[in-house]
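Open the model in your viewer and get ready to select residues by number. Each stop names what to pick and what is there.

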Amino acid sequence: MFKKIVFFLVLLQSFSSGSAYAEGFGLGTHAGFGVIKYEENTSAFGDEVESKAVLNTALFGVSGEYSLKKPDNFFAGITTDWAFGLEDRENWKENGVKIQTDDLEIFGQFYDIRFGYKNSISSFYYRAYISGGWDGIHFSRDNFVVSGRPESGSVTENFSLWRTGGGIGAGYKFDKWALDGRAAYAYYPRGQVRNSSLSQFTFDTTGACLDVGAGIARELIKNVNLYLGGSYTLIELKESDIERDDSVQAVFPESETQIIVGVANLTFAF
């Protein structure tokens, strides 16, 4: 995993509002704070089982963007995000009755390589791109209470999701200020989930991701921009097929992850 992180950092690209109307090469760094809302649901074995958790979340990332000299107005690059869902309580219900609680932590890492076209008409600027990348989400659970009784042990779960998709962005610049918005959609054609308590199984899944954001940017000094805004990400994954061995059967349930954060982004154009 460390090699993947280094690879994407070396590529350094992005799409950021502050550099949306800059030329040449741009670098950005961003940080934010908000929440992750996570839910699971399945009735694969008859009873309706669901879990819910809301975690305070810190978000960090780096980005960059290179504007190609030829063909004109085309760009390429990568954007990266790391989301740290701080420990909170997760609640499980079966047919509406609470059956379990546990402490949950989440770490998400998101890498997206992009190629697209950008241009401007007077003070209005816009862009469109296609993209591909990889998302990884790590869950850690411990301090279990099952049917009112504490149980020892810990469980980890890892999502590995390959993505393909595209996005658009647009804004309006006036003097040193700019209003900016974006929207992106990605499809996960291939995803795998591994759970340490069910290590004999690898669960296959597919899904989709919607990412939108809006905010305001200001040029602080020449080629340096500060962006303040909000971001919403929705990741939905489908339930896997039921996996079986001689004594156990298990399923990865349908899941939904929402990441809602306020973000500050500082970008530099060269």
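Start at arginine 141. Its relative accessible area is 5%, under the 20% cut-off, so arginine 141 is buried. Keep in mind that this is a predicted model.

**First partner**

Is glutamate 40 buried or exposed? Glutamate 40 is buried, with a relative accessible area of 7%.

**Second partner**

Stay on arginine 141 and select glutamate 157. These two also form a salt bridge, and their closest N and O atoms are 3.2 Å apart. Glutamate 157 lies in strand S6 (residues 149-174) and arginine 141 in strand S5, so this pair ties together parts that are 16 residues apart in sequence. Glutamate 157 has a relative accessible area of 6% and is buried.

Which residues do salt bridges with shared partners join into one network? Select Glu40, Glu90, Arg141 and Glu157 together: these are the members.

**A separate stop: glutamate 65 and lysine 118**

Side chains of opposite charge can pair when their charged atoms come close. For another example, select glutamate 65 and lysine 118. Their side chains meet in a salt bridge, with 2.7 Å from N to O. Glutamate 65 is in strand S2 (residues 49-67) and lysine 118 is in strand S4 (residues 97-121), so the pair ties together parts 53 residues apart in sequence. Check the surface next. Glutamate 65 counts as buried, at 2% relative accessibility. Lysine 118 counts as buried too, at 9%.

How many salt bridges does a search of the whole structure find? The search finds nine.

**Last stop: alanine 183**

Move to strand S7 (residues 177-195) and pick alanine 183. Alanine 183 counts as partly exposed, at 29% relative accessibility. Now show what surrounds this residue. Leaving aside neighbours within four places in sequence, alanine 183 is in contact with Gly167, Ile168, Asp211 and Val212. Draw a distance from its C-alpha atom to that of isoleucine 168.

Terms used. Residues numbered from 1 in each chain as written. Predicted model: local features only at pLDDT ≥ 70, side-chain atom pairs only at ≥ 80, totals over all residues. Heavy atoms only, no water. Helix = DSSP H or I, 4+ residues; strand = E, 2+ residues; numbered from the N terminus. Buried < 20%, exposed > 50% of the residue type's maximum accessible area, 1.4 Å probe, protein only. Contact = heavy atoms within 4.5 Å. Salt bridge = Lys/Arg side-chain N within 4 Å of Asp/Glu carboxyl O.
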